[in-house]
Amino acid sequence: MIIVMNPKSNQMQIDDVINVLKNSGLGVHVSQGTERTIIGIIGDKTVLRDIPLEIMPGVEKLVPIVESFKLAGKTFQPEPSVVDVNGVKIGGKELVLMAGPCAVESREQIIEAAQAVKRSGAQFLRGGAFKPRTSPYAFQGLEEEGLKLLKEAKDATGLQIITEVTSDKAVELSIPYVDMFQVGARNVQNFQLLKEIGKSMKPVLLKRGSATTIDEWLNAAEYIMSEGNYNVVLCERGIRTFETATRNTLDLSAVPVVKNMSHLPIIVDPSHAAGKSKYVIPLSRAAIAAGADGLIVEVHPNPMCALSDAAQQLKPSEFDSLCKDISKLAPILEREFNYGC
């Protein structure tokens with residue numbers, strides 16, 4: 001349920017309602033809009049059956065929420081959220097680019113990649129320290145050593161660091177090194193992991209699963225947010241269909257659909273959707289045109305030598321070309337992007 005406050009309500013009236021809810025053992029989420037304040041109730045609302053909330057001063061109406069994703073939905077917060085990661089704002093006017101190799105392989109590789117994507121305008125360096133792989137014999141990542149190398153790359157370039165976490169242990173190890181967690185497609189419904197990330201309060205990029213509906217995806221976000229962590233960014237990365245020409249089928253309709261259903265920012269991963277580098281740039285342009293708040297793109301100094309996902313990683317020169325394209329698209333879409341900064 002949400003409580004819609006009257007536009008003329010004052011702060012004292014809002015605080016009175018919040019105190020009644022908290023004294024009843026309920027959680028509270030407050031959304032300050034341009035015209036109205038909305039107070040979301042988290043918990044069993046039956047404890048309020050004998051409390052006349054609707055006649056409290058400043059209350060305009062009570063509205064039940066039918067969606068299972070209450071915190072992630074627009075009923076709780078009608079206006080778009082902006083997730084601030086150390087000054088980089090995802091969901092605002094500026095388009096945000098996250099770029100780097102699929103996996104951290106060596107100091108030379110990650111530093112070279114970081115410097116290259118920084119020159120073209122990326123604000124985040126992505127790189128996997130923990131790699132969930134289909135085969136147990138494939139490269140599994142450098143783990144904590146990879147985290148240390150990502151931190152070294154950050155110190156050298158000033159880029160924010162995002163990396164995938166695959167377990168509670170990975171969350172604990174990563175906290176001192178990274179600025180944002182990534183939950184991969186395989187773990188979108190690993191609810192214990194989502195809860196641990198929620199407790200960490202660290203910003204998180206939540207990827208859609210290859211067979212996950214948008215409702216299921218938003219409910220996964222709800223797991224994180226229900227622990228008090230509202231710093232969630234969604235990432236569309238393609239879904240599994242009967243088509244075999246690409247690794248996955250990029251569902252760009254998810255961008256406007258999510259923006260209609262949720263206040264959370266959404267970015268797009270064209271690399272995992274395509275599976276082939278030659279499709280990444282056109283899919284990226286299409287994602288920005290569809291209204292995405294940014295991209296996460298795989299970039300490797302020498303893709304031919306990559307230890308994982310070599311076919312889908314861009315060369316630095318190709319990523320630079322993509323950034324030039326985005327700098328031309330951004331003004332048309334009333335967005336901003338600082339190419340080469």
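Predicted model: local features only at pLDDT ≥ 70, side-chain atom pairs only at ≥ 80, totals over all residues.
Residues are numbered from 1 along each chain as its sequence is written, and side-chain values use heavy atoms, with hydrogens and water left out.

Back to Glu236, which sits in strand β12, residues 232-236. Strands (E, at least two residues) and helices (H or I, at least four) are DSSP runs numbered from the N terminus. What does the side chain of Glu236 make a polar contact with? Its partner is the side chain of Arg208, at 2.9 Å. A polar contact is a pair of N or O atoms within 3.5 Å; within protein, one must be able to donate a hydrogen and the other to accept it, and residues adjacent in sequence count only if both atoms are side-chain atoms. Leaving aside residues up to four places away in sequence, Glu236 touches a list of residues including Arg208, Trp217, Thr249, Asp251, Ile267 and Asp269. Contact here means heavy atoms within 4.5 Å.

Now step back to the whole chain. The protein is divided into domain 1 (2-63) and domain 2 (83-333), with bounds that come from an automatic or database domain assignment. Taken over C-alpha atoms, the centres of domain 1 and domain 2 are separated by 37 Å.

Let us look next at a sheet. Four strands form an open sheet in the order β2-β3-β1-β4, and the pairing is antiparallel. At the edges stand β2 (27-32) and β4 (59-63), each with a single partner strand, so one side of each is left without a neighbour in the sheet. On average, neighbouring strands of this sheet are turned by 20° against each other, direction ignored. Helix α1 (residues 11-23) packs on the sheet, where it touches β1, β2, β3 and β4, and its direction makes about 5° with that of β3. For such angles, axes are lines fitted to C-alpha atoms, for helices over the stretch in contact, and values run from 0 to 180 degrees between N-to-C directions.

Two strands count as paired if DSSP finds at least two bridges between them. Strand β1 (residues 2-5) pairs with strand β3 (residues 37-42) in the antiparallel sense over three bridges. Along this pair, Ile2 stands opposite Gly40 in β3, and Val4 stands opposite Ile38 in β3. Strand β3 also pairs with β2, again in the antiparallel sense, over six bridges. There, Ser31 has Ile38 in β3 as its bridge partner. A hairpin of four residues joins β2 to β3. How many of the six residues of β3 are buried? Five are, and β3 is mostly covered.

The cysteines come next. A disulfide is defined as a pair of cysteine sulfur atoms within 2.5 Å, and by this rule the count comes to zero. Cys102 is in no disulfide, and the nearest cysteine sulfur, that of Cys235, is 13 Å away. Cys102 is buried, with a relative accessible area of 1%. Cys323 is buried too, at 0%.

Finally, some loops deserve a visit. Asn187 is found in the loop between β10 (180-183) and α5 (191-200). Is Asn187 buried or exposed? Asn187 is buried, with a relative accessible area of 10%. Residues up to four places away in sequence aside, Asn187 touches Glu164, Val165, Thr166, Leu193 and Leu194. From Ala116, Asn187 is 71 residues apart in sequence and 30 Å apart in space, C-alpha to C-alpha.

Most residues other than glycine have a negative phi. Glu143, in the loop between β8 (124-126) and α3 (144-157), has a positive phi near 55°. At 42% relative accessibility, Glu143 counts as partly exposed. Asp309 is not a glycine either, yet its phi is positive, at about 50°. Asp309 lies in the loop between β14 (294-298) and α10 (316-332), and its relative accessibility of 23% makes it partly exposed.

How values were computed:
Buried < 20%, exposed > 50% of the residue type's maximum accessible area, 1.4 Å probe, protein only.
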